[in-house]
Amino acid sequence: MGAIDADPVCACQDWDGIWNLDIVAKVEAPGHAEAAVSFSLSPPQSHQKDASRRLSIKLVSEHGEWRIDDVIDLTDTKAPHALRKALIEDTELNRRAKR
């Protein structure tokens, strides 16, 4: 299994939708922005445990358009998961394995 074994946005395999979506975006520096995103993977009436998600989406400006640079899952505050870091580490492991 590689670095991406689930949807990097919802940190899940299968899901039925997104509820209570909240996005707050701010420019941090010229050409760099961050979107704080929170949502639930279950409708409010079901109150499923562990359905809430919190993400930090890092954005960079490229040719006048915003592009996603990294997705950081902050749902578990003790173990945030950065997609870019996971991909870099996985690429390095695969490179070493091919030697």
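Strands (E, at least two residues) and helices (H or I, at least four) are DSSP runs, numbered from the N terminus. This is a predicted model: local features need pLDDT of at least 70, side-chain atom pairs count only at pLDDT 80 or more, and totals for chains, interfaces and linings use all residues. Residues are numbered from 1 along each chain as its sequence is written, and side-chain values use heavy atoms, without hydrogens and water.

**Backbone**
- His63 sits in the loop between β3 (52-62) and β4 (65-73). Its phi is positive, near 55 degrees, and it is not a glycine.
- His63 is exposed because its relative accessible area is 78%. Buried means under 20%, exposed over 50%, partly exposed in between (1.4 Å probe, protein chains only).
- Asn20, in strand β1, also has a positive phi, about 55 degrees. Asn20 has 54% relative accessibility, so it counts as exposed.
- Most residues other than glycine have a negative phi.

**Salt bridges**
- The structure holds 7 salt bridges (a side-chain nitrogen of Lys or Arg within 4 Å of a carboxyl oxygen of Asp or Glu).
- Glu34 pairs with Lys58, with the closest N and O atoms 3.7 Å apart. This pair links distant parts of the chain: Glu34 is in strand β2 (residues 32-40), Lys58 in strand β3, 24 residues apart.
- Glu34 is buried at 17% relative accessible area; Lys58 is partly exposed at 25%.
- Glu28, Glu34 and Lys58 form a network of salt bridges.
- In helix α1 (residues 83-97), Glu92 and Arg95 lie 3 residues apart, about one turn. Their salt bridge spans 2.4 Å, N to O.
- Glu92 also bridges to Arg96 at 3.0 Å, N to O.
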